[in-house]
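Thanks for coming. I will go through the aromatic side chains in this one; please look at the sequence and the structure first.

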Amino acid sequence: MVLDWFRRLSQKRTTDWIACIDFGTAYSKAAMVLAENTTDLMADDIKPLPIGDGESRSDYLLPSLLFLTDEAVLFGKRADETAQRNERHGRSVFASPKQYLSTHAPEHLDEKLDSEIDPTGTYTARQLIALYLAYLLKRAEHAAEEIGLDWPPKLRIARPAWSKERAEWGEEILRHLVRQAFLLIEGLGDDLLAEQGVSHERVRAVFYEMPEPNLADDDDLFHLAADGSGLSEALRRGS
């Protein structure tokens, strides 16, 4: 059951650090922040995560995009390069998933995407945003382990600076997407980091078998933070 999986994830998490995730418009960033001292941070209390290592011009910036070929979902540098090669064929990258949440109505999230973005005609924006979040969190996990930090910690994820009205439904949608991302990580594992991407067949199978995550108690797993709450500043100071 999904509740059992979330409970197991909560039980094994480290409480020494908080992972701050800046789900960015063009690039995303992440850092581990010492949990005991979140108000008066010193440089040693912040460990920026090199989630962009090999994927962008900076080791600490991960491109916020993905690209769908006829066979697979691509992320990072491979997605960007493949998109550029296919632009003359009328193909488009799915970019800025964070901005999509800020500019589209909730009902648009579950509509099929244009063929320029999805040549398979099977994905929705909701699914692609969840896939990107899963990729982002898997990159953060890999980067944390590379510098010797335990994973998973509690997550603090920056949300867009929405109006009060939009935030009322936007936060619930984003929470649902993060829960889906956890389950995609469980189902896809290290395949999310494969250079050749993840096959559509595999992704569809995980979505098909995915239980509804709405009932999961996720308070011990992650927290949404509005832009301007100090999260971006913490990431900047640690870089």
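The charged end of R57 sits over the ring of Y27, 5.3 Å from the ring centre. Sitting over a ring requires NZ of Lys or CZ of Arg within 6 Å of the ring centre and within 35 degrees of the ring normal. This is a predicted model, where local features need pLDDT of at least 70, side-chain atom pairs count only at pLDDT 80 or more, and totals for chains, interfaces and linings use all residues. Residues are numbered from 1 along each chain as its sequence is written, and side-chain values use heavy atoms, with hydrogens and water left out.

Now the ring pairs. Rings of Phe, Tyr and Trp (its six-membered ring) pair if their centres lie within 6.5 Å; planes under 30 degrees apart are stacked, over 60 edge-to-face, the rest tilted. By this rule there are five aromatic pairs. One of them is F75 with Y135: the centres are 4.5 Å apart and the planes at 15 degrees, so the pair is stacked. F75 is in strand 6 (residues 72-75) and Y135 in helix 4 (residues 125-146), so this pair ties together parts 60 residues apart in sequence. Helices (H or I, at least four residues) and strands (E, at least two) are DSSP runs, numbered from the N terminus.

For Y132 and Y135, the ring centres are 6.3 Å apart and the planes at 55 degrees, so that pair is tilted. Both lie in helix 4, three residues apart, about one turn of the helix.

Are Y132 and Y135 buried or exposed? Buried means under 20% relative accessible area, exposed over 50%, partly exposed in between (1.4 Å probe, protein chains only). Y132 is buried at 1%, and Y135 is buried at 2%. F75 is buried as well.

Finally, F23, F75, Y132 and Y135 form one aromatic cluster.
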